[in-house]
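Dear colleague,

Please find below the structure that I am handing over to you, together with its sequence. My notes on it follow.

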Amino acid sequence: MTVMNPQLWQAWRLVLTCNCTLEAYAAKKMLPVDYLRQLGVTDVPNPRDENRQAISIPYHNEKREVVLERYRTALTKSKDGSCDRFRWNTRLFRKNRPHLYGLDQLSKLEADDPLILVEGESDAQTAWYHSYGALGVPGASMFKPERDDPHLADRDIFVVKEPDSGGDTLMEQLARSAHRHRIMVIQLEGFKDLSEVHQDNPEQFKGRLDSAIAAAVPLDDMLPAPVELSDNRDNEKAQLPKGYRYRADGWIQYLLEGKELNEADDSNWKLLCSPMEFVAQSRDSDDRSWGKLV
């Protein structure tokens, strides 16, 4: 038996996992290359290594202007985390933070057309290919009600829940939406996402998705304890450890060293920082780099 040199195998593994071309992406997703080009998807040098390839996926606003650009640098996820599959164009990212993918497609919908929320760009591309209205959330934790809710107004909203921790995170984010009582959850039996449904059998895609839509359940039924929306921000304040307190305006103070804990004596307290709130857990698209959004 011939054993491949470890260094040679490492080089081949990088080619397989840290490289992505438009043709390879189209073949994997079973979408026509010309269709993806119409959406603005193009080949570009890999931002991690210009000797490899990546694809550029443009994010448009409702005026069809390109405001963000996301690179897909690998077709598959590397198990050791050596390759990030996605990376933002940092120049555009500094000006415009991530938003929903496909805002330029909303103008194609009729007023009574349903809107499907999916995770990622390829699922949105697949939905559009089959003439369904869809918006892609760049990452499960990236749905922001204060920014994204206006795009959901006055529509029947369906969201595809993927059977993983990302799917649970997206449900938690949507629970904060002002439209949550109108959001219906689609679960795809036997498939992770719309791309898998399409790849399994494009001819059966419409029938399968329509059946899943008909069986969708209200978002509130999927939540262990429905989140109550409230304008009272005091209810959302985190408890502070001993020696710290909230000022009346929400700013945080700390007790001066050597001073007694006397709430009535303001001279014992010094300003620490402006109001602070932990609003979400964050992660990257590969379910790594977990943190908290403050």
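**Lys-192 and its salt bridge**

With a relative accessibility of 32%, Lys-192 counts as partly exposed. Please bear in mind that this is a predicted model. The side chain of Lys-192 meets that of Glu-162 in a salt bridge, with an N to O distance of 2.6 Å. Glu-162 lies in the loop between strand 7 and helix 7 (165–174), and Lys-192 in the loop between strand 8 (183–186) and helix 8 (194–200), so this pair ties together parts that are 30 residues apart in sequence. Glu-162, for its part, is buried, at a relative accessible area of 4%.

**Other salt bridges**

The count of salt bridges comes to eleven. One of them joins the side chains of Asp-200 and Arg-208 at 2.7 Å, N to O. Asp-200 is partly exposed at 45% relative accessibility, and Arg-208 is also partly exposed, at 28%.

Another salt bridge is formed by the side chains of Asp-210 and Lys-206, at 2.8 Å from N to O. These two residues are four apart in helix 9 (residues 205–214), so about one helical turn separates them. Asp-210 is partly exposed, with a relative accessibility of 32%. Salt bridges with shared partners also join Glu-162, Lys-192 and Asp-193 into one network.

Strand 5 runs parallel to strand 7 (residues 157–160), to which three bridges join it. In this pairing, Leu-117 stands opposite Val-159. Strand 5 also pairs in the parallel sense with strand 6 (residues 134–137), over four bridges, and here Val-118 stands opposite Gly-136. Together with helix 5 (residues 121–129), strands 5 and 6 make a right-handed β-α-β unit.

In soluble globular proteins, nonpolar side chains tend to be buried together. In this model, the largest nonpolar core has 36 residues, of which Leu-36, Ile-116, Ile-186, Leu-188, Leu-194 and Leu-209 touch the most other members. Helix 9 gives the most to this core, with four residues.

Which residues does Ile-186 touch, if those up to four places away in sequence are not counted? They are Phe-158, Val-159, Val-160, Lys-161, Leu-209, Ala-212, Ile-213 and Ala-216.

**The chain as a whole**

The protein chain has ten helices and 14 strands. Of its 294 residues, 44% count as buried. Among contacts between residues at least 6 apart in sequence, 59% join residues at least 24 apart. The accessible surface of the chain comes to about 16,600 Å², and carbon and sulfur atoms account for 50% of that area.

With kind regards

Note on methods: Residues numbered from 1 in each chain as written. Predicted model: local features only at pLDDT ≥ 70, side-chain atom pairs only at ≥ 80, totals over all residues. Heavy atoms only, no water. Pairing = 2+ DSSP bridges. Right-handed = clockwise from strand over helix to strand, strands pointing away. Salt bridge = Lys/Arg side-chain N within 4 Å of Asp/Glu carboxyl O. Buried < 20%, exposed > 50% of the residue type's maximum accessible area, 1.4 Å probe, protein only. Core = buried A, V, L, I, M, F, W, Y, C linked by side-chain atoms within 4.5 Å. Contact = heavy atoms within 4.5 Å. Areas by Shrake-Rupley, 256 points an atom, 1.4 Å probe, with all protein chains shown as cover.
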